[in-house]
Amino acid sequence: MDRRSFIKASGVTLAGAVAPMFPLAALAGDQLVVSSILDLSGGLDIYGKPMADCMTLAVEEQNAAGGLLGKQLKLASYDPQSNMQLYAQFAQKAALKDKAAVVMGGITSASREVIRPVLDRYKTLYFYNTQYEGGVCDRDIFCTGVTPGQTVAKLIPYSMKKWGKKVYVLAADYNYGQITSQWVKKFVLENGGSVASIDFFPLDVTNFGPAISKIEAAKPDMIVSALVGGAHISFYRQWAAAGMTKKIPLASTTFAGGNEHIVLSPAECNGFLVSYNYFQNLDTPENKAFKARFYKRFGKDYPNITELAMGTYQGFKLWAAGVKKAGSVDRMKVIEALESGISIDAPSGKVTLDPPTHHCVLNVSIAEVKDKQLDVIKTFPQQKPSDTSAVCNLIKNPNDNQQYVIKA
Amino acid sequence: MNRFAKSWMSAALSLAIGIAMMLVLPGVLDDYTLIQVTIYAVMSILGVSLGFIWGFGGILCFGQAAFFGLGAYTYAIAVMNMGDSTGPFLLAIAVPALFAMILGYVIFYGRLSDVYMGVITLTVTLILFNLINSTAGPEWKIGSAPLGGFNGIPAIPTLNVPGHPNDVLSPKDLFDLTFVCLLVVYLGLRMLISSKIGRVIIAAKENEQRVLLLGYDARVYKLFSFTLGGAIAGLAGCLFANWGAFTSPTIFGLAQSAQIIIWVIVGGLGTLVGPIVGCVAIQWLTTQIGTQQMFNSNLVLGTILVVFVLLVPRGIVPTLGSLGEWAFGRMRRRKASSTTAAAQAETAPAMAATERAT
Amino acid sequence: MELALVIVIQVLYAVATLFIISAGLAVIFGMMKVINLAHGEFMMLGAYATIGAIRLGLNLWVAMFVVAPIAVGLVGVVLERLVIRRLYGRMVDTMLATWGLSLLLIGIVTSIAGDTTAGVSAPLGSFSIGAYSLSGYIPVVIAVAIALALAIRWVLMRTQLGLIARGTMQNPDMANALGVSPSLVYSVTFAVGAALSGLAGGLLAPITGVVPTMGAAFVAKAFITVIGGGPAILAGLVGASALFGAINQLATFATTPVIGEVALLAAAIVMLRLLPQGITGRFFKGSL
């Protein structure tokens, strides 16, 4: 190849590769950057889209109310397309380039564990707003989602009292499913029950035929499902196709976290029990007002305001309250302000930050799937994150930095 | 084009550009951009490994990501068990190479052709993905390193200066190391290609029968290049594990293998610079797509691939080269047509240049 | 005893599923030597076409057996004319171009339909074998696979179209000299292959979650089955699906779905090492 053209080619490539990396015109000094890393494509988008919508609403509401500390907020949202490498890259971008005041994001526990070390290293505040398996003990992160010690602790005794003591567990094969299934086992045993089996399924498995036959052979009183994602919906389909939905009842820690109860027909999932912090049908004044604002912004026929979406909204509000109390966005100041035990009144009820664990005290409700809606049956107010507080105390050990895992 | 591409002049030029970038960039770019350039360099090493075995060895491997992943996982497990990172670094190159050797033996000595080889390499990468993906339980450990299943292994300790376990590499050091590796790999492969072994490898790609009739065992040479490709991919994997401090089963996935093939196609099959260019371009594009919501990433990547296969089948680098040569040739002809004497005087040195270069 | 019967039915079901999802790819590869990596996406389009037709009020069976194949067949014709036609003979390039097409199709469908999992419930309720109840859909799938195999055999052996197709595949120049237009034959064959993939997608819609990325789970298995089958289309397909389907399902019963998948993949490697030309390279040579 010609020398001239080669130099040209390399020059063009170099310029093309480097040019967009040079920092854009510096952000106006009167703006605060909030970064969100939520999947809007790839397999996780059924969870990510409602979360991103709530994030947008929260930022817009804050700006309309005059911003924070007199400055307007700019939302920098990134779509990691369910790609691990992009989680790391966008976390780096948010911390180093955007110099974000806070990063909110990560859906799966896997993505959180990629983002957390990056933000720790570059000293950026991180809010993880998704319900998860509990145990993360790190002063730089605040986890505003419910954990098994709050939801599973209530769901299991309730459903066992209703249906019986022999439990068969199905879980997604990654750390959330592995750890949650251990919590289920603990609570089943504590309530005098027995676990027939715990079966794990990687996230892309769609062939549940043999598994269903195995369940039938074991003759349990109920099933607990911690299955996750689009492929696992085929379990519920195949379960119903085999006529089992009428025979063996089911409780789940993950069902309806996306839109499973809308995609499946009522015959396929009526009667399932789930337990979360927030349900769209909660009958409180804050929720009614929130829904009015939400539908105005996103349309009345929005399929479902999910638990994860509300977690995002509440996480943002909590952070904003922390900033107001601290009077600055400096990371340590905000952490200390939050650690003083801030509370907000959210659509799901009162949300209080628990200082020793950086998790939240939340209302927990049990609901039943009925005709594509979730009917709230019972609400347990102000549940503490007992699973994490049993092992984690950031007041005593501020340098603790790990995820504690329940011993099998 | 081929004349210049194969000559030592183009190699020296690429090397010079690479060294210049390595020295200049850390001073010019901020931390964040430097880290991004590092990951581009790491992936370029991976791209070059496939570019070598495919473009020069004629081996279309659908599962190059398998060696990449093995390198990353080997490094992670070894460093969490051993502490000092020199051993793990070497293991991360040796284990994928060994695996490539075994796999290559099965493929080449079984006399499998193109398509079947594509299937087997695809199958192997899927097997690895499925196996590692299901190791989420706490019982799956090697030494003190849990395999982690779908979540992978987070918080991997970074490389340290050999012998001093506490002297860990900073982002800038990692950038230097990655660039050095890239340049060494590039230089090494260029020298290999122009050596006798390299010529046999290329000949085996063009016509295996002929090579056999000339007395060379083509299978040994193919095995050699496949193993070398695996080793280089393993090196890239080790550097990747350091860059992100994590590794997960998706590195073994079909999507990752597809990406590498796309880089090589877009950049230019048959060159070593091509995969680097293709890798940087596509990686940059993917990151940019993630920051906007208008276009779906699959849409863009798919369109690019189809367009390239149909319209620019040789890739960016060779096409640019041909364009340049065409333009250069036109100017040359215009000059030559002004006086015949000048034309005659030109052809003589041109012929001498041809003799020198070949 | 009942468990044994259940296992046999499940194995037949796995074999039938594998046969159906590979049929389209086998037709295209076996007849045209084109490796269509967009096969999974053709299935995905078939599934979405089925769901769309049902939403418009059509009967489930009509949507599955009529709408899906026709819709995807048309897409196949368009793609063949625009892209594949220019790449005949260049096997690697067709692989890459169809890979690009697969990404493109995923992107288009995602932009239109969004990523949310759609779907339709399985028809026909359930039936019991002793203490086990199975979906009534399973016998349907098995029956469809058998019918499909017989139909393919009939078309290839007994119709004019089949004769012309086989002739063109064996010797395009001779067929051309005899007045057949190879490019027309290729178009029709590609369309038929695409239609079969669409049918497979429609059949799968009730039992898997229908997302734009659903094709990826099937394309690798289909690819392996077709290559493992060897040059004879039908015999190879039947042989390979029987072998791999049985191994997959039996391993899944014995252990977990993951080991089942790995067993299928490992069996493929072993088989290719022993029989580099595929099953019908050695056995049933020269059959259809």
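**The hairpin of chain C**

Reply: In the hairpin formed by β1(C) and β2(C), 2 residues lie between the strands, and C:Gly130 adopts a positive phi near 60°. This is a predicted model, in which local features need pLDDT of at least 70 and side-chain atom pairs count only at pLDDT 80 or more, while totals for chains, interfaces and linings use all residues. Residues are numbered from 1 along each chain as its sequence is written, and chains are lettered from A and ligands numbered from 1 in the order in which they are written.

Strands β1 (residues 126-129) and β2 (residues 132-135) of chain C are antiparallel and share 4 bridges; pairing requires that DSSP finds at least two bridges between two strands. Strands (E, at least two residues) and helices (H or I, at least four) are DSSP runs, numbered from the N terminus.

Another hairpin, in chain A, links β12(A) to β13(A) through 2 residues. Strand β12 (residues 343-346) and strand β13 (residues 349-354) of chain A run antiparallel, joined by 4 bridges, and A:Asp345 stands opposite A:Lys350 of β13(A).

Chain A also has an open sheet of 5 strands with parallel pairing, in the order β2-β1-β3-β4-β6. Its edges are β2 (72-78) and β6 (141-143) of chain A, each with a single partner strand, so one side of each has no neighbour in the sheet. Ignoring direction, neighbouring strands of this sheet are turned by 20° against each other on average, where axes are lines fitted to C-alpha atoms, for helices over the stretch in contact, and angles run from 0 to 180 degrees between N-to-C directions. Strand β4 (residues 126-128) of chain A pairs with β6(A) in the parallel sense over 3 bridges, and A:Tyr126 stands opposite A:Ile141 of β6(A). Helix α2 (residues 45-64) of chain A packs on the sheet, touching β1 (31-37), β2 and β3 (102-105) of chain A, and its direction makes about 165° with that of β2(A). Helix α4 (residues 109-121) of chain A likewise packs on the sheet, where it touches β1, β3, β4 and β6 of chain A, its direction making about 165° with that of β4(A).

In chain B, the axes of helix α11 (residues 254-267) and helix α13 (residues 297-311) come within 10 Å and cross at roughly 45°. That angle makes α11(B) oblique to α13(B), given that angles under 35 degrees count as roughly parallel, over 145 as roughly antiparallel, 65 to 115 as roughly perpendicular and the rest as oblique. On the α11(B) side the contact consists of B:Ile262, B:Ile265 and B:Val266, and on the α13(B) side of B:Leu301, B:Ile304, B:Leu305, B:Phe308 and B:Val309, contact meaning that C-beta atoms, placed from the backbone, lie within 7 Å. By class, this contact of α11(B) with α13(B) has 8 nonpolar, no polar and no charged residues; Ala, Val, Leu, Ile, Met, Phe, Trp, Tyr, Cys and Pro count as nonpolar, Asp, Glu, Lys and Arg as charged, and the others, Gly among them, as polar.

Returning to chain C, its contact with chain B takes 34 residues from chain C and 31 residues from chain B. The largest share of the chain C side, 16 residues, comes from α4(C), and by class that side has 25 nonpolar, 5 polar and 4 charged residues.

Terms used
Contact = placed C-beta atoms within 7 Å.
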